[in-house]
Amino acid sequence: MHYKMGVIVACLLLLGGAIWSLFGAPSEALRLHYDDAQSVSRGEMLYADNCASCHGADLQGEPNWRQPDADGRMPAPPHDESGHTWHHPDEALFRLTKLGTAAVVGQGYESNMLGFSETLSDQDILDVLGYIKSTWPPEIIEMHNGMTANTN
């Protein structure tokens, strides 16, 4: 049991480190419009159509999302405040959504999270991420804003 937990922790640390190392300063134009009602409304509809089947209609993610499933891949995490989405700056979230986790992490990492570059426009992706961010409590939004600002 301790071995499995160690492997999971090591994989999560590797994933986090790989994601962190791949992102330079975010584009000045890239901004999640979580405070714009029209953008949030569009994002909510796009989320329902493209993301909710895996991440849940209420952003709750799949059960046991911290443990690999039968095929060794990590289940879809929640996007609400209980998950780790808000631990990543805007640029990282954008790239993960556009390109998919495996493409961003590389090194043979396998993931069920495919990229949406063929399905959603860049603005669509920003609207979805803005919708997700709009659901977080104010203190989480503030921490996320600070983290994103610190990556500049």
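**View 1. Thr-97 sits in helix 4 of this predicted model.** Helices here are DSSP runs of H or I with at least four residues, and strands are E runs of at least two, numbered from the N terminus. At a relative accessible area of 12%, Thr-97 is buried (buried means under 20% relative accessible area, exposed over 50%, partly exposed in between, with a 1.4 Å probe and protein chains only). Setting aside residues up to four places away in sequence, Thr-97 touches Met-113, Leu-114, Gly-115, Phe-116, Ile-125 and Leu-129 (contact means heavy atoms within 4.5 Å). A note on the numbers: this is a predicted model, where local features need pLDDT of at least 70 and side-chain atom pairs count only at pLDDT 80 or more, while totals for chains, interfaces and linings use all residues. Residues are numbered from 1 along each chain as its sequence is written, and side-chain values use heavy atoms, with hydrogens and water left out.

**View 2. Helix 4 is mostly covered.** Seven of its 10 residues are buried: Asp-90, Glu-91, Ala-92, Leu-93, Phe-94, Leu-96 and Thr-97. Just past the end of helix 4 comes Gly-100, with a positive phi of about 95°.

**View 3. Ser-111 lies in the loop between helix 5 (101–105) and helix 6 (122–134).** Despite being in a loop, Ser-111 counts as buried, at 15% relative accessibility. A polar atom of the Ser-111 side chain lies 2.9 Å from the backbone nitrogen of Met-113. Leaving out neighbours within four places in sequence, Ser-111 is in contact with Arg-73, Thr-101 and Ala-102.

**View 4. Helix 6 is mostly covered too, with 10 of its 13 residues buried.** The buried set is Asp-124, Ile-125, Leu-126, Asp-127, Val-128, Leu-129, Gly-130, Tyr-131, Ile-132 and Lys-133. They pack against helix 2, helix 4 and helix 7. From first C-alpha to last, helix 6 reaches 18 Å, close to the 18 Å expected at 1.5 Å a residue (the expected span is 1.5 Å times one less than the number of residues).

**View 5. Helix 2 (residues 37–50) crosses helix 6 at roughly 100°.** Their axes come within 7 Å; axes are lines fitted to C-alpha atoms, for helices over the stretch in contact, and angles run from 0 to 180 degrees between N-to-C directions. The two helices are therefore roughly perpendicular to each other (65 to 115 degrees; under 35 is roughly parallel, over 145 roughly antiparallel, the rest oblique). On the helix 2 side, the residues that meet helix 6 include Ser-39, Val-40, Arg-42 and Tyr-47. Among their partners in helix 6 are Gln-123, Asp-127, Tyr-131 and Ser-134.

**View 6. Helix 7 (residues 138–150) has a buried side and an exposed face.** Its buried residues are Ile-140, Ile-141, His-144, Met-147 and Thr-148. They cover an arc of only 125° around the axis, which puts them on the same side of helix 7 (the arc is taken from the directions from the helix axis to the C-beta atoms). What covers them includes helix 4 and helix 6. The face turned away carries the exposed residues Pro-138, Glu-142 and Asn-150.

Key. Polar contact = N/O pair within 3.5 Å; in protein donor to acceptor, adjacent residues only side chain to side chain.
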